[in-house]
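Here is a short briefing to keep beside you while you look at the model. It goes through the pockets and then the helices.

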Amino acid sequence: YAAQLAGAALLTLAIIVDGCDGEVARIKFMESEFGRRLDFFLDNVVNVAAIFAVGAGHAWQGGEPLYLWASTLAALAAAASVLP
């Protein structure tokens with residue numbers, strides 16, 4: 001239970017920080033094309049990791065390997081969805 005709570009807290013913190021970093025860059029006139037691309041890339045890294053972690057955690061706790069395979073497939077699909 002503690003690991004699930006820590007994971008949920010970290011994901012919430014990542015979402016909050018992600019929402020703030022672009023705003024701070026715009027307020028300070030420090031936005032750039034590289035920053036925009038980096039933000040997009042890291043957003044998707046977090047999404048893929050979260051999708052995989054939920055399924056892998058469920059498989060680890062319940063012992064059902066189907067969840068691990070499903071989360072791996074969903075994470076790969078999420079990663080592939082941002083390719084040009």
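The second largest pocket in this predicted model has a volume of about 240 Å³. Among its 13 lining residues, Ala 14, Asp 18, Asp 39, Leu 42 and Asp 43 are the closest to its centre.

**Second largest pocket**
- Helices α1 and α2 are the elements that give two or more residues to this lining.
- The biggest share comes from α2, with seven residues.
- By class, the lining holds seven nonpolar, two polar and four charged residues.

**Largest pocket**
- The volume of the largest pocket is about 390 Å³.
- It is lined by 16 residues, and Gln 4, Gly 7, Ala 8, Ala 53 and Val 54 are the closest to its centre.
- Here too, α1 and α2 are the elements that give two or more residues, and α2 gives the most, with nine.
- This lining has eleven nonpolar residues, five polar ones and no charged ones.

**How α2 packs on α3**
- The axes of α2 (residues 33–62) and α3 (residues 65–80) come within 8 Å and cross at roughly 175°, so the two helices are roughly antiparallel to each other.
- On the α2 side, the contact residues include Val 48, Ile 51 and Phe 52, while those of α3 include Tyr 67, Leu 68 and Ser 71.

**Helix α1 and just after it**
- The 26 residues of α1 (residues 2–27) should span 38 Å at 1.5 Å a residue, and the end C-alpha atoms are 37 Å apart, which agrees.
- Just after α1, have a look at Phe 29, which takes a positive phi of about 55°.

Methods. Residues numbered from 1 in each chain as written. Predicted model: local features only at pLDDT ≥ 70, side-chain atom pairs only at ≥ 80, totals over all residues. Heavy atoms only, no water. Axes fitted to C-alpha atoms, helices over the stretch in contact; angles between N-to-C directions. Helix = DSSP H or I, 4+ residues; strand = E, 2+ residues; numbered from the N terminus. Parallel < 35°, antiparallel > 145°, perpendicular 65-115°, else oblique. Contact = heavy atoms within 4.5 Å. Expected span 1.5 Å × (residues − 1). 1 Å grid on protein atoms, 1.4 Å probe; cavity = no way out; pocket = protein on both sides within 12 Å on 5 of 7 lines; lining within 4 Å. Points joined across faces, edges and corners; volume = space filled by probe spheres on them. Nonpolar A, V, L, I, M, F, W, Y, C, P; charged D, E, K, R; others polar.
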